[in-house]
Amino acid sequence: MNLTVTVNQKQLLDVLLNVGLIRPVFIWGAPGIGKSAIVQDFADSLGLDCVSLLGSQLAPEDIIGIPQIQDGVSAFLPPKMIARKDPYVLFLDELNACSQEVQKAFYHLPHGSVVIGAGNRSQDSAIVKTMSSALINRMVHVQLAAHPRDWLKWAQANGIHPWVINYITQRPDHLFSQPPKTEEPFSTPRSWHMLSDALWEYRAGEADVPQDALRMLAYSCLSPAHAGMFLAFAKNMRNQHMLEDIIAKEARWPTSPQDRDLLYFLAQSFRAMLLYELPKTKQQITQDKLGFVYRVKAMLKELSTINFEIAQMTVASGDGEALPDWFMVEVVRDLPRLVRKE
């Protein structure tokens, strides 16, 4: 299932607090974007226990129980874990990875519990089976998407390594990547969290994690392209070639061939900043922004003298979001070679 409307972490928590108490809710979303963590936060906010069951590992009797003879007739006795007197949150993770027999068992869930289901989508290359229409129709469906701003707020409150926080602040588009068709790591909020844990534990969070170890950790957790960029960012942190310093004329674009990966990272971060900072129309340019626009064009000119191809990539839209039209008109006027097809 791929819903038209998506929700962020805060919106999902609001849905659970307002709807989840009266109707079962099913959370759709890619692996590793925080579905389980939000359900736990929901249960904590209610002061209830959260009982998690993994759908891919369940048999029907794990839900409905096993038959026993009572007073001459058979009755199904549900498992102790879900047969509770006090209210609780029952979280059915990977519900759409269950067999059809197990899915049928969920038609008869324990009364008095708050039921939340979750699962991946068919395009996520995860274990997914078709859910019956009867089960789908018994739940309210929402689709969670990864939102960098929400995740960064959570990361700052939960001790995520500063390198990870700073990197996602500069490259929010790298928080999540679509699961690949091949078997390889890919970037999600969960994998960034894993990298953070590894950085903290490997050398107690010190900045002198050996380069070989850092390379291994990055490529073990992230999409290959993001891992390479993160390594360039770490090199940037060590060499103090911060983008803000270059904008402030306190540093220059790196020119050494050995720093080509660093230059590429800075250029891509520069593009991400332009997409965020440049006004959508020229009429929205304030006096404060005017100086920034002049500096941006000067930086593009400097970058083109160091590596023309990287400079072109900085302004090119490719398959992604394009820079504002008014800005591209000025680039065509002032730096025509950057947008000219050679």
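Which residues of the largest nonpolar core touch the most other members? In this predicted model, they are Trp151, Trp192, Leu195, Phe230, Trp253, Leu300 and Phe327, out of 58 residues in that core. Helix H10 (residues 224–239) supplies the largest share of the core, 8 residues.

Take Trp192. Leaving aside residues up to four places away in sequence, Trp192 touches Trp151, Val164, Tyr167, Ile168, His174, Leu175, Ser187, Leu222 and Phe230.

**Helix H6**

Trp151 also belongs to the buried set of helix H6 (residues 148–157), together with Leu152 and Ala155. Viewed down the axis of H6, the buried residues fall within an arc of 100 degrees, so they line one face of the helix. The face turned away from that buried side carries exposed Arg149, Lys153 and Ala157. Helix H7 (162–170) and helix H8 (189–202) are among the elements that cover the buried residues of H6. Just after H6, Gly159 adopts a positive phi of about 70 degrees.

**Strand S3**

In a regular strand, side chains alternate between the two faces of the sheet.

Which strand is joined to S3 by 5 bridges? That partner is strand S6 (residues 89–93), and the two run parallel. Within the pair, Val51 stands opposite Leu90 in S6.

Notes
Residues are numbered from 1 along each chain as its sequence is written. This is a predicted model: local features need pLDDT of at least 70, side-chain atom pairs count only at pLDDT 80 or more; totals for chains, interfaces and linings use all residues. Side-chain values use heavy atoms; hydrogens and water are left out. Two strands pair if DSSP finds at least two bridges between them. Helices (H or I, at least four residues) and strands (E, at least two) are DSSP runs, numbered from the N terminus. A nonpolar core is a set of buried Ala, Val, Leu, Ile, Met, Phe, Trp, Tyr and Cys residues joined through side-chain atoms within 4.5 Å. Buried means under 20% relative accessible area, exposed over 50%, partly exposed in between (1.4 Å probe, protein chains only). Contact means heavy atoms within 4.5 Å. The arc is that of the directions from the helix axis to the C-beta atoms.
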